[in-house]
Structures are given as structure tokens and as C-alpha cells.
Amino acid sequence: MSLRTLSALEARVLAVLVEKASTVPDSYPLSLNALTLGCNQKTARDPVMNATEPDVLQALEDLKSMHLVNTVSGNRVLRFEHNGARGLGVPGAALACLTLLMLRGPLTTAELRLHTERLHRFADLSSVEGFLEELAEPSETRPAYVIKLARAPGAREARWAHLLCGEVLQEMGVSALPRDDELAFLRAEQQRMNAELESLKALVQRMASELGIVNDA
């Protein structure tokens with residue numbers, strides 16, 4: 001099977017569906033609103049995102065075209081479920097590892113075993129390592145899905161990263177070539193920070209003026 005490279009949001013949407021299937025089974029499959037909230041969580045997410053419902057809906061449509069997501073008809077709203085294991089051609093344990101890497105970024109084997117506890121309970125670290133090594137090797141039906149990064153200076157363990165969003169830089173553990181949507185997100189964040197800085201400057205100048213302080217800056 002040949003999948004195209006996923007965008008950062010597509011990977012987040014898929015991973016959230018896999019995560020929530022195990023952590024909140026009573027609410028699964030997820031509505032668009034619940035899925036968007038899961039994508040924008042401030043905890044257990046790296047990077048933190050601020051996706052809108054239309055953004056998530058478009059990502060869902062693209063994932064559906066790759067047979068990674070299914071739509072489920074609910075009583076009042078459409079709900080969505082993942083087809084990750086079959087769509088990616090991996091067993092559930094391997095999907096758990098990929099899910100955490102998509103949600104949290106590069107992780108060590110020990111971190112993966114700890115954080116996958118609610119998705120899949122691995123017997124020991126060697127079990128996690130075994131699935132990672134299998135995912136790191138391409139097969140006749142799929143490409144390599146993970147890579148073991150070079151151990152950072154001072155680090156005790158090497159980290160693993162997923163390849164579903166493209167190749168990663170060994171030295172940094174970040175995407176080598178940001179996608180257009182990621183660049184747009186970074187530009188928007190820069191503009192927001194610049195606006196906040198200008199607002200703070202104006203506030204300082206106003207306070208200085210009220211206090212009779214001469215600001216030479």
C-alpha cells in the first residue's frame with residue numbers, strides 16, 4: 001500500500017481518533033466538535049495546535065480518501081472513527097506506538113511504553129523495541145513508518161520519530177521540510193506575537209505618560 005505524506009493536522013486527527021477510542025470509549029466515535037477539541041488539547045500534545053472545525057473536517061475528508069477514517073451516522077450529528085490499523089497495515093500494538101509519536105513528537109522507548117499504557121499494555125521495553133524495529137523496516141506493502149534518531153548529546157536514550165509526515169532531521173528530530181499548512185501556522189503565530197508586542201509597547205508608553213515618565217526608547 002502506498003500512502004501520501006500526511007499533513008501535521010491529518011496526523012493529529014488520526015492519532016486523536018485512535019487515542020479517544022481507548023480513553024473515552026463511551027463518547028466514541030467522535031463528533032466533529034469533540035475531535036476538534038481533542039486536536040487542540042493543551043496537554044499531551046506536541047505541538048499544541050489551534051485548528052478550526054472546517055480545518056479538521058477537511059483533514060477528515062482527506063483521511064477518508066486514504067481509507068484511514070470512516071464516517072458513522074449518529075442520531076443527530078455525524079461521528080468519525082479511525083481505520084488506522086487496517087489503513088496503515090499494522091497491528092494494534094504498532095498503531096499505539098505510532099499514535100503516541102504523532103501526538104507527542106519524538107519519544108524514547110521507555111516514554112512510549114509509559115504513555116501507551118491506555119492504548120496497549122506492553123509486557124516490557126523489549127516488546128516496544130521490537131514493534132518499533134519492525135515499523136522502521138519497509139515491507140512489500142508499506143514504507144518505513146518510524147526512524148530511530150541519533151542520541152542527543154547528554155541524553156541517556158535515543159528517541160524514535162514517526163515518518164508519516166515526511167522525513168525528519170536526525171539532529172533536531174523535527175520535520176526537514178515544513179508543509180505549507182505548517183508554514184502558514186508559524187506565520188500566523190508570528191503575526192499574533194508581533195501584535196501582542198505592539199500592544200504591550202503601547203500600554204507601556206501610555207502608563208509612562210500617565211506617570212510623567214520620559215521614555216527615550
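Glutamate 19 counts as buried because its relative accessibility is 13%, where buried means under 20% relative accessible area, exposed over 50% and partly exposed in between, with a 1.4 Å probe and protein chains only. The model is a predicted one, in which local features need pLDDT of at least 70 and side-chain atom pairs count only at pLDDT 80 or more, while totals for chains, interfaces and linings use all residues. Residues are numbered from 1 along each chain as its sequence is written, and side-chain values use heavy atoms, with hydrogens and water left out.

Apart from neighbours within four places in sequence, glutamate 19 has contacts (heavy atoms within 4.5 Å) with Gln41, Arg45, Thr99, Leu103 and Leu119.

Glutamate 19 also belongs to the lining of the second largest pocket, together with Lys20, Thr23, Gln41, Ala44, Leu100, Leu103, Arg104, His115, Arg118 and Leu119. Two or more lining residues come from each of helix H1 (8-23) and helix H5 (92-104). By kind, the lining holds 4 nonpolar, 3 polar and 4 charged residues; here Ala, Val, Leu, Ile, Met, Phe, Trp, Tyr, Cys and Pro count as nonpolar, Asp, Glu, Lys and Arg as charged, and the others, Gly among them, as polar. The volume of this second largest pocket is about 190 Å³. On a 1 Å grid over the protein atoms alone, a pocket is an open set of points where a 1.4 Å probe fits, with protein on both sides within 12 Å along at least five of seven lines, and lining residues have an atom within 4 Å of a point. Grid points are joined across faces, edges and corners, and the volume is the space filled by probe spheres set on the points.

Turning to the chain as a whole, its secondary structure comprises 8 helices and 6 strands. Along the sequence these follow the pattern α-β-α-α-β-β-α-α-β-α-α-β-β-α. The protein chain has 217 residues, of which 37% count as buried. Of the contacts between residues at least 6 apart in sequence, 53% join residues at least 24 apart.

Helix H2 (residues 32-39) has Leu32, Leu35, Thr36, Gly38 and Cys39 as its buried residues. Viewed down the H2 axis, these fall within an arc of 160°, so they line one face of the helix; the arc is that of the directions from the helix axis to the C-beta atoms. Their cover includes H1, strand S1 (30-31), helix H3 (53-65) and strand S3 (78-82).

Two strands pair if DSSP finds at least two bridges between them. S2 and S3 share 5 bridges, with threonine 71 opposite phenylalanine 80 and asparagine 70 opposite glutamate 81. S1 is joined to S3 by 2 bridges, and serine 31 has arginine 79 as its bridge partner.

Further antiparallel pairing involves strand S6 (residues 159-162), which is joined by 2 bridges to strand S4 (residues 107-108). Arginine 159 of S6 is the bridge partner of threonine 108. Strand S5 (residues 146-148) runs antiparallel to S6 with 3 bridges, and here isoleucine 147 stands opposite alanine 161.

Methods
Helix = DSSP H or I, 4+ residues; strand = E, 2+ residues; numbered from the N terminus.
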